Amino acid sequence: MKKRVLITGGAGFLGSHLCARLLEQECQVLCVDNYFTGTRRNIESLLGEPAFEVMRHDVTFPLYVEVDEIYNLACPASPIHYQHDPVQTTKTSVIGAINMLGLAKRLHARILQASTSEVYGDPDIHPQTEEYRGHVNLAGPRGCYDEEGKRCAETLFYDYKRQHRLSIRVARIFNTYGPNMHPQDGRVVSSFIIQALKNEPIAIYGSGSQTRSFCYVDDLVDGLTRLMNVEVDVDGPVNLGNPFETTISELAELIISLVGSRSRLEFRALPQDDPRQRCPDMTRAQQILHWLPAVQIKEGLSRTIRYFDSLLSSPNEAKKIVWKVAS
Ligand SMILES: NC(=O)c1ccc[n+]([C@@H]2O[C@H](COP(=O)([O-])OP(=O)(O)OC[C@H]3O[C@@H](n4cnc5c(N)ncnc54)[C@H](O)[C@@H]3O)[C@@H](O)[C@H]2O)c1
């Protein structure tokens, strides 16, 4: 019988790729989403698949379904989105986690949490290992997401494992990019590509010397499914990301050259609590999952540029993913 898999946040950027991958792997996929940042457009190509089902639902409310595995991805991931309604972000992280863990407990299902490298805050060790406890600010504007929401969700996962012997997985995901990213998410890759395609100035916050590492979405999805399926007991969190590091200015220059754009760099003030460096230590992922990302940044960026180029050149498609801010 086909494995039944629930993906919360399945209409979002990562979730939509995960839905597609699990369908390829002959799973029956239930995509649950409240469409806060996700869009039906991301999953449109899957709607005709008999093994694919979609449900509009907010994970802050209990969910009663029958599945064998749960990937809990529901949560806005970009600062613009998660800071729009920080209280709802914390509810989604914490109450959403409690609801999904409760469901997993009832069903004896394995559950994977999409945590984030942002639990490390503005790190003072480099690269970040899973043992590093983070340098965070619970009172800052990022607190609702990374610096408490996602940390509390992780704690709940470990406690459900200890208290209820649940089979859990926690992926600490580092910056990921690729097609289906939200064009208005304000993240560097999507913003730089859109500015470059429009020949507009590329806005760099700070000096541009801060570093990030970027993982292409196909690699990340590979890491997530391996983590879910690995048969050893994975006790703690596992970093998933690409250890190849680049400065923000280098990234902007690379995108300008790949697009063939006339854009220039424009420097602006750095937002509060923006981390200076972010790079995963991949030792644990390599040991447990025998996995490292394979897609080179030039190749990944070229595929992402093609996605945004086609989106911008068809206004009807772009209209389908406008982020509606309730004011
Ligand atoms: N993309 C990254 O670089 C990255 C990095 C670290 C962690 N993550 C984590 O991975 C997950 C997916 O991120 P993404 O980049 O695909 O973001 P995304 O915003 O594209 O997707 C999140 C999805 O969750 C849905 N959602 C939000 N609140 C919900 C709720 N209350 N109930 C049901 N659905 C809800 C949204 O509509 C959206 O479809 C998130 O949990 C995020 O924290 C992503």
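Helices (H or I, at least four residues) and strands (E, at least two) are here DSSP runs, numbered from the N terminus. The model is predicted, so that local features need pLDDT of at least 70 and side-chain atom pairs count only at pLDDT 80 or more, while totals for chains, interfaces and linings use all residues. Residues are numbered from 1 along each chain as its sequence is written.

**Exercise 1. The ligand shell**

Determine which helix gives the most to the shell around the ligand, and describe the shell by residue class.

Solution. Begin with the elements: α1, α4 and β5 each supply at least two residues of the shell, and α1 gives the most, with three residues. Next, take the residues themselves, where a residue is near a molecule or strand if its C-beta atom, placed from the backbone, lies within 6 Å of it. There are 30 residues around the ligand, of which Gly9, Gly12, Thr37, Gly38 and Ala77 come nearest. Finally, sort by class, with Ala, Val, Leu, Ile, Met, Phe, Trp, Tyr, Cys and Pro counted as nonpolar, Asp, Glu, Lys and Arg as charged, and the others, Gly among them, as polar. The shell then has 13 nonpolar, 15 polar and two charged residues.

**Exercise 2. The sheet**

Work out the strand order of the seven-stranded sheet, and find which strands are its edges.

Solution. Two strands pair if DSSP finds at least two bridges between them. On this basis the seven strands form an open sheet in the order β3-β2-β1-β4-β5-β6-β11, with parallel pairing. The edge strands, each of which pairs on one side only, are β3 (52–56) and β11 (237–240). Neighbouring strands are turned by 20 degrees against each other on average, direction ignored, where axes are lines fitted to C-alpha atoms, for helices over the stretch in contact, and angles run from 0 to 180 degrees between N-to-C directions.

Individual pairs can now be followed. β1 and β2 pair in the parallel sense over five bridges, with valine 5 opposite valine 29 in β2. Five bridges likewise join β2 to β3 in the parallel sense, and cysteine 31 has valine 54 in β3 as its bridge partner. Further along, six bridges join β5 (residues 110–116) to the parallel strand β6 (residues 168–173), where leucine 112 stands opposite arginine 169.

**Exercise 3. Helices across the strands**

State how α1 runs relative to β2 and how α4 runs relative to β4.

Solution. Contact between two residues requires that their C-beta atoms, placed from the backbone, lie within 7 Å. Helix α1 (residues 13–24) lies across β1 (4–8), β2 (28–33), β3, β4 (69–72) and β5, and runs at about 165 degrees to β2. Helix α4 (residues 86–107) lies across β1, β4 and β5, at about 170 degrees to β4.

**Exercise 4. Backbone exceptions**

Locate the cis peptide bond, and describe the setting of glutamate 26 and of histidine 290.

Solution. Most residues other than glycine have a negative phi, and most peptide bonds are trans. The cis bond joins histidine 126 and proline 127, with omega about -10 degrees, and proline 127 is in the loop between β5 and α5 (146–164). Glutamate 26, in the loop between α1 and β2, has a positive phi of about 70 degrees. Histidine 290, in the loop between α9 (283–289) and α10 (297–312), has a positive phi near 50 degrees. For burial, a residue is buried if 20 or more other C-beta atoms lie within 10 Å of its own, exposed if 12 or fewer, and partly exposed in between, with C-beta atoms placed from the backbone. Glutamate 26 has 9 other C-beta atoms within 10 Å and is therefore exposed; histidine 290, with 9 C-beta neighbours inside 10 Å, also counts as exposed.
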